[in-house]
Amino acid sequence: MSVNFSVVRVEKRTRQNVEKFERHIERKNENYSNMNVDLSQTENNIHFKSCDMTYTEKLNEMIKEGKASLWNIKKDSPIFNELIFDVNTQYFYQNGGYEFAKKFYEEAFHFAEELYGSEYILSAVMHADEVNLGLSDEINTYYHYHMHVMALPVVEKEVRWTKRCKDKSLVGKVKRIEMQVSHSKKWYSEKVTDENGNMYYNYSYSILQDKFWEYMQNAGFRNFERGEKGSTAEHLSSLQHQIEKDKRRLLEAEYEAQKAEKALAEIKPIQIETEQIDEIVKKKILGKIQMSAEDYEKLTTLAKEGIANRYEIAKQKTVIEQKNDKISFLEDELNELKKKCKPFLEALKIAPKKIMEFIEEIIKPPEKAVQKAEEDKPSQWEITIGPKKPSQPEIKHEQPKRNKKKGDYER
């Protein structure tokens, strides 16, 4: 039986790019680059909190009301946090489908409220209109339920008097409190001491995964695991699904390109044999072209059709170029995934049973994995894919540099 996992991702959005993500989250587009969106099911999306204006307008309103501040914030700094709550599709269909998903993500929304504060949640919407192509077939369609939450990472910032202050007795004292939007201060990493007294950092996103899993367990939602700590490996079945998904997207893009080429062929101007046109323009008297009313009507009709079709041809050429670019991109993406999966798939062909046992051993909860490692010795047939993962997290005695990017941390 497959294991269900929960994931919470935090994506940073700036004032410059948040509109693009807003249009996707709020379903403001008429067409989507994500081919899995089924707009006929969009009415099933659930807003646990709606924003009655754009995200940027809401930010400006909160700044005006003194609820948020961009004091000392650079122009291109991340302002918005997009949280994406996700559990694999099978989990919901095993427990009641759409109705169960609504209850699950409503509770997840309350978790986000505790995390950011209710007034700093701009929008929270559960998407129920994205098809899971890996599970769906010609008979049954399965939708991948997940939730997007757009929030402002606001923290209390103490602004203190500096040495430039004329009254030296005030230097270092609190001048005012700013409700500052700050991603870095919201998501700082905690120092932790292990049982041997060694200090190390428990990264903020890892703490978020722990808190979410514990919160949902306490709320009565069971039978799913927290994503594996410290792991950057992707599950074999997930990679295979991604390959199949991209194959379908590639075929759909090629089909769209063929349709565009067919449309281009159908709208080409009506072809007239050269002899007919030459015969029309040969009729001259005193240097002027003379033609019958029938020929004149025929020629003017063709001229009008040519002008109209010239625009359509240019339009269809643009569509074909865009489709061809998309095909090239998807081919590159598919080749990259094939390279990534190659060692896994080869090992799976050689020893499928052993590989699946190996994977199940990896995805066990950490405490069980440690206990298992102590009790069992490695068997002779064990196949190692990539560097062997240690049974316990490696403890670094050096404090990591502060300028380490958050992108290097796990989700």
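Over the ring of which residue does the charged end of K175 sit? Select K175 and W161 together: the charged end of K175 lies over the ring of W161, 4.7 Å from its centre. Keep in mind that this is a predicted model.

Next, select R13 and F21. Here the charged end of R13 sits over the ring of F21, at 3.4 Å from the ring centre.

**Helix α1**

Now select residues 18-25, which form helix α1. V18, E22 and I25 are its buried residues. Look down the axis of α1: the buried residues fall within an arc of 65°, so they line one face of the helix. Turn to the other side of α1 to find E19 and K20, which are exposed. To see what covers the buried residues of α1, show elements including β1, α2 (55-64), β3, β4 and β5. Then step to R27, which follows α1 and has a positive phi, near 55°.

**Aromatic pairs**

The model has 22 aromatic pairs. For one of them, select F85 and F111: the arrangement is edge-to-face, with 6.3 Å from centre to centre and 90° between the planes. This pair links distant parts of the chain, since F85 belongs to strand β3 (residues 80-87) and F111 to helix α4 (residues 98-116), 26 residues apart. Both F85 and F111 are buried.

Move on to F92 and F100. F92 is buried, with a relative accessible area of 0%. F100 has 16% relative accessibility, and because buried means under 20%, F100 also counts as buried.

**The nonpolar cores**

Select F85, F92, F104 and Y105. These are the residues with the most contacts inside the largest nonpolar core, which has 36 residues. Colour the elements that give two or more residues to this core: β1 (5-13), β3, α3 (89-94), α4, β4 (121-127), β5 (146-151) and α6 (204-218). The element that gives the most is α4, with 10 residues.

Centre the view on F104. Leaving aside residues up to four places away in sequence, F104 touches V87, Y91, F92, F212, M216, F221 and F224.

For the last stop, select M62, L152, V154 and V181. They are among the 17 residues of a second, separate core.

Terms used: Residues are numbered from 1 along each chain as its sequence is written. This is a predicted model: local features need pLDDT of at least 70, side-chain atom pairs count only at pLDDT 80 or more; totals for chains, interfaces and linings use all residues. Side-chain values use heavy atoms; hydrogens and water are left out. Rings of Phe, Tyr and Trp (its six-membered ring) pair if their centres lie within 6.5 Å; planes under 30 degrees apart count as stacked, over 60 as edge-to-face and the rest as tilted. Helices (H or I, at least four residues) and strands (E, at least two) are DSSP runs, numbered from the N terminus. Buried means under 20% relative accessible area, exposed over 50%, partly exposed in between (1.4 Å probe, protein chains only). A charge sits over a ring if NZ of Lys or CZ of Arg is within 6 Å of the ring centre and within 35 degrees of the ring normal. A nonpolar core is a set of buried Ala, Val, Leu, Ile, Met, Phe, Trp, Tyr and Cys residues joined through side-chain atoms within 4.5 Å. Contact means heavy atoms within 4.5 Å. The arc is that of the directions from the helix axis to the C-beta atoms.
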